[in-house]
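I opened this entry to look up the core and its aromatic rings.

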Amino acid sequence: MYFLIENNPQSENQHQFRLVKNEQETVLTSELFKSKLDCLTAISAARRAGSDVSNYPLWDLTGNIRFNLFYGDNRLLIGATRYKTVEERDRALQEVAEQIGQAPARDLAPVSALAA
């Protein structure tokens with residue numbers, strides 16, 4: 001499990017991060033940030049908040065069984081995975097809560113040139 005930092009050229013080159021379980025499975029997705037530094041600061045806050053399961057609001061709607069994560073100053077990571085059962089979701093939540101604090105960050109955003 002790791003955080004993946006990306007640059008979004010369609011949104012004025014803002015940055016976003018995702019918590020991913022493997023190459024194909026995104027667990028949580030962030031909002032857009034104006035700078036990579038803001039993105040890195042948010043990842044630190046998510047690591048701190050993520051180990052406490054009370055920071056995860058749960059969704060139990062049919063077809064929309066998932067969890068989100070509240071972190072930092074009322075920020076929210078949106079759950080990207082929809083689970084088939086509440087039990088499957090709860091197992092995934094426990095795994096995330098146990099691993100998010102140690103999740104490394106991988107930066108795929110290009111380094112922007114500094115103005116002269």
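My notes on the core, the rings and one arginine follow.

The model is predicted: local features need pLDDT of at least 70, side-chain atom pairs count only at pLDDT 80 or more, and totals for chains, interfaces and linings use all residues. Residues are numbered from 1 along each chain as its sequence is written, and side-chain values use heavy atoms, without hydrogens and water.

Helices are DSSP runs of H or I with at least four residues, and strands are runs of E with at least two, numbered from the N terminus.

**Rings.** I found 4 aromatic pairs in the whole structure. Rings of Phe, Tyr and Trp (its six-membered ring) pair if their centres lie within 6.5 Å; planes under 30 degrees apart are stacked, over 60 edge-to-face, the rest tilted. Phe3 and Phe17 have ring centres 5.7 Å apart and planes at 75 degrees, so this pair is edge-to-face. Phe3 is in strand E1 and Phe17 in strand E2, so the pair ties together parts 14 residues apart in sequence. Phe17 has a relative accessible area of 1% and is buried (under 20% relative accessible area, 1.4 Å probe, protein chains only). Phe17 and Phe33 have ring centres 6.0 Å apart and planes at 15 degrees, so this pair is stacked. Phe3, Phe17 and Phe33 form one aromatic cluster.

**Arginine.** I checked Arg66 in strand E5 (residues 64–67). The side chain of Arg66 makes a polar contact with the side chain of Asn64 at 2.8 Å (N or O atoms within 3.5 Å; within protein, one must be able to donate a hydrogen and the other to accept it, and residues adjacent in sequence count only if both atoms are side-chain atoms).

Terms used
Buried < 20%, exposed > 50% of the residue type's maximum accessible area, 1.4 Å probe, protein only.
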